[in-house]
Amino acid sequence: MKNGMTIRDIGMEYGISRRMIQMYESRNLVKYTSKNKYGHLLYDSEMVKRMIVIRYFQKIGVTLPEIQCLFESNDIERAEMTTNWFAQSNENICNLSSLIQYGPYINEVVQDYDYINKIYNSVCNSNLLKGEHRYEHK
């Protein structure tokens with residue numbers, strides 16, 4: 001990275017879209033560091049690293065306001081925040097694993113005329129929604 005990377009370069013190299021970068025800029029998470037002779041925005045290595053970190057945390061379910069707090073926090077607060085985020089991610093993985101095990105059964109059941117009732121009964125009997133508020137359809 002000589003003088004910086006353009007939005008196009010970042011997109012091609014790291015899969016971060018132009019719209020995502022613009023969103024990060026609008027939330028003051030990143031800022032371009034210069035422009036090239038064609039007027040294209042350039043981002044230095046620190047800003048590119050920051051974008052990669054932001055995108056990573058987004059992919060594990062962290063919101064942009066939470067990420068903003070991360071950047072504004074001290075070392076102790078950052079450690080606590082990331083520890084909590086990783087614990088939540090692990091919990092989400094466990095929950096998804098529980099749901100995925102029912103995939104083949106649900107695939108089989110949806111071919112049946114009465115599939116909604118069968119899926120409903122299976123989910124309720126398995127405690128997959130344990131602790132969640134259940135809405136009753138009237």
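Biologist: Which residues touch the most other members of the largest nonpolar core?

Modeller: This is a predicted model. Its largest nonpolar core holds 20 residues. The members that touch the most others are Ile-10, Ile-21, Tyr-24, Tyr-43, Met-51, Ile-54 and Ile-67.

Biologist: Which helix gives the most to this core?

Modeller: Helices H1 (7-14), H2 (18-26), H3 (45-59), H4 (64-72) and H5 (75-100) each supply at least two of the core residues. One of them gives five residues, the most to this core, and that is H3.

Biologist: Which residues does Ile-10 touch, not counting those up to four places away in sequence?

Modeller: Ile-10 is among the core members that touch the most others. With residues up to four places away in sequence not counted, its contacts are Met-5, Gly-15, Ile-16, Ile-21, Tyr-43, Val-48 and Met-51.

Biologist: Is Gln-68 buried or exposed?

Modeller: Gln-68 sits in helix H4. Leaving aside neighbours within four places in sequence, Gln-68 is in contact with Arg-27, Asn-28 and Leu-29. Buried means under 20% relative accessible area. Gln-68 has 19% relative accessibility, so the residue counts as buried.

Biologist: And is Ile-100 buried or exposed?

Modeller: Ile-100 lies in helix H5. The cut-off for exposed is over 50%. Ile-100 has 60% relative accessibility, so the residue counts as exposed.

Biologist: What is the area of the nonpolar surface patch that includes Ile-100?

Modeller: Ile-100 makes this patch together with Leu-96 and Leu-99. The patch area is about 310 Å².

Key. Residues numbered from 1 in each chain as written. Predicted model: local features only at pLDDT ≥ 70, side-chain atom pairs only at ≥ 80, totals over all residues. Heavy atoms only, no water. Core = buried A, V, L, I, M, F, W, Y, C linked by side-chain atoms within 4.5 Å. Buried < 20%, exposed > 50% of the residue type's maximum accessible area, 1.4 Å probe, protein only. Helix = DSSP H or I, 4+ residues; strand = E, 2+ residues; numbered from the N terminus. Contact = heavy atoms within 4.5 Å. Patch = residues over 30% accessible without salt bridge, like charges linked within 9 Å, V, L, I, M, F, W, Y side chains within 5 Å. Areas by Shrake-Rupley, 256 points an atom, 1.4 Å probe, with all protein chains shown as cover. Salt bridge = Lys/Arg side-chain N within 4 Å of Asp/Glu carboxyl O.
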